Amino acid sequence: MTRPVRARIDLQALQQNLHQVRVSAPHSKVMAVVKANGYGHGLVAVAEALLEADGFGVARLEEALALRQAGIRKPVTLLEGFTNAAELETVLGHDFEVVLHSEYQLALLEAARLPVPLRVWVKLDTGMHRLGFLPACLAEIARRLEALPLVRQPLAYLSHLACADERANPVSEVQHRCFEDALQGRPGERSLANSAGLLGWPAARYDWVRPGIMLYGVSPFQDALGPELGLRPAMTLETRLIAIRELCRGDAIGYGGSWVCPEDMRVGVAAIGYGDGYPRHAAAGTPVLLRGSRVPLVGRVSMDMITLDLRGHEDVQIGDRVVLWGEGLPVEEVAAAADTIGYELLTGITGRVQLEYD
Ligand SMILES: *Cc1c(COP(=O)(O)O)cnc(C)c1O
């Protein structure tokens with residue numbers, strides 16, 4: 001038997017979520033973020049479903065090339081830019097846009113003889129302290145870029161929010177002010193907001209929004225689920241029940257025997273595990289959907305299997321469909337039970353999970 005694990009990707013849900021982005025940020029262009037293999041959903045299939053976006057954002061040159069090879073001509077932005085002269089040459093050969101965040105990248109640009117125009121997004125560090133130029137350096141950086149004939153003018157500017165997933169966190173407003181002050185009087189397009197920023201901070205929308213997680217139907221906020229924000233999960237991860245056991249009170253289940261049956265009971269075994277990307281840290285009680293009803297995980301997650309408490313579900317049968325997350329069970333809930341975030345679960349499904357498109 002081939003393993004029954006698959007991730008069904010609802011392309012219409014992706015389009016509907018893009019529509020929600022448009023409704024939330026009606027005056028902004030949309031750079032759909034499709035890095036990490038389209039957050040696990042399949043890079044090219046996602047981009048083709050989201051061709052109505054104004055452009056795409058990726059983290060790696062390979063991803064940008066795959067979009068061009070698929071015939072996608074929309075703007076593609078490398079969110080971390082290039083790291084050496086060879087990468088810069090590839091960027092120029094394929095008309096990618098780049099984020100410029102460091103002095104070494106600017107030096108590479110100055111050393112190159114640009115054969116074609118290049119659009120540069122200057123990244124400002126407004127308080128996240130990961131990538132970007134400090135506002136105090138901006139005037140000098142801009143002057144050097146403006147001296148390069150083939151760098152498109154006016155320059156474009158972006159920054160990234162560190163705490164927008166917490167709606168009440170004052171850091172977003174501090175970053176917004178910093179961005180605003182640093183760019184005072186400069187022409188050129190601006191972009192500040194990821195999903196949480198565009199939903200939670202109207203002032204952060206600017207010319208371009210950069211949604212990732214919300215396109216996939218998942219909430220960027222700690223205190224909300226995707227469906228509560230009008231989003232539809234695009235990925236449903238599913239498998240099947242491969243065994244049903246009648247166990248006795250006191251029987252310990254799985255590795256380490258960490259979960260012990262409190263009474264005589266039925267336990268189901270489903271064919272999915274951490275080898276597929278299901279989180280090993282999912283705690284006992286993590287919900288899965290069996291025939292549409294929630295049943296709790298019991299025992300440790302193995303590489304290829306999980307065990308389920310079937311008490312109260314006498315009608316289930318071997319072969320029944322088991323949904324790990326997606327439609328009817330937001331990945332955010334599973335993530336909370338595994339002490340992580342939906343982003344990690346979606347991007348963490350492994351190569352042995354079949355992606356199927358509806
Ligand atoms: C990943 C990323 C995004 C998208 O963030 P979400 O929280 O998934 O919406 C936006 N901008 C940059 C620079 C990113 O790296």
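The legends below describe the whole chain and then several close-up views of a predicted model.

**Figure 1**
Residues are numbered from 1 along each chain as its sequence is written, and side-chain values use heavy atoms, with hydrogens and water left out. The protein has eleven helices and 18 strands; these are DSSP runs numbered from the N terminus, with helices being H or I of at least four residues and strands being E of at least two. Its C-alpha trace spans about 75 × 40 × 35 Å along the principal axes. Of the 358 residues, 52% count as buried. Buried means under 20% relative accessible area, exposed means over 50%, and partly exposed lies in between, with a 1.4 Å probe and protein chains only. Among contacts with a separation of 6 or more, 64% come from residues 24 or more positions apart; a contact means heavy atoms within 4.5 Å.

**Figure 1. Helix α6 and its cover.**
Helix α6 consists of residues 103-111, and Gln-105, Leu-106 and Leu-109 are buried in this helix. Seen down the axis of α6, these buried residues fall within an arc of 100°, so they line one face of the helix. The arc is that of the directions from the helix axis to the C-beta atoms. The cover over the buried residues of α6 includes α5 (85-93), β5 (97-100), β6 (120-123) and α7 (138-146).

**Figure 2. Helix α7 and its buried side.**
The buried residues of α7 are Leu-138, Ile-141, Ala-142, Arg-144 and Leu-145. They cover an arc of only 160° around the axis, which puts them on the same side of α7. Elements that cover them include β5, α6, β6, β7 and α8.

**Figure 3. The nonpolar cores.**
The largest nonpolar core has 110 residues, of which Leu-109, Leu-145, Tyr-278, Ile-306, Leu-308 and Trp-325 touch the most other members. A nonpolar core is a set of buried Ala, Val, Leu, Ile, Met, Phe, Trp, Tyr and Cys residues joined through side-chain atoms within 4.5 Å. Leaving aside neighbours within four places in sequence, the contacts of Trp-325 include Met-235, Leu-237, Tyr-278, Pro-279, Val-331, Leu-346 and Ile-349. Another core of seven residues lies apart from the largest one, and Leu-247, Trp-259, Val-267 and Val-298 are among its members. In soluble globular proteins, nonpolar side chains tend to be buried together.

Asp-125 counts as buried because its relative accessibility is 9%. Phe-133 has a relative accessible area of 7% and is therefore buried. Not counting residues up to four places away in sequence, Asp-125 touches Leu-131, Gly-132, Phe-133, Leu-134 and Pro-135. With that exclusion, the residues touched by Phe-133 include Leu-100, His-101, Glu-103, Val-122, Leu-124, Asp-125 and Ile-141. Asp-125 and Ser-159 are 34 residues apart in sequence, and their C-alpha atoms are 6.3 Å apart in space. For Phe-133 and Ser-102, 31 residues apart along the chain, the C-alpha atoms are separated by 6.6 Å.

**Figure 4. His-176 in helix α8.**
Helix α8 covers residues 171-183 and contains His-176. At 10% relative accessibility, His-176 counts as buried. Not counting residues up to four places away in sequence, His-176 touches Leu-192, Ala-203 and Tyr-206.

Most residues other than glycine have a negative phi, and most peptide bonds are trans. Gln-153 and Pro-154 are joined by a cis peptide bond with an omega of about -5°. Pro-154 sits in the loop between α7 and β7 (156-158). Asn-37, in helix α2 (residues 35-39), has a phi near 55°, which is positive in a residue other than glycine. With 39% relative accessibility, Asn-37 counts as partly exposed. Asp-95 is not a glycine either, and its phi is positive at about 60°. Asp-95 is placed in the loop between α5 and β5, and at 47% relative accessibility Asp-95 counts as partly exposed.

Terms used:
This is a predicted model: local features need pLDDT of at least 70, side-chain atom pairs count only at pLDDT 80 or more; totals for chains, interfaces and linings use all residues.
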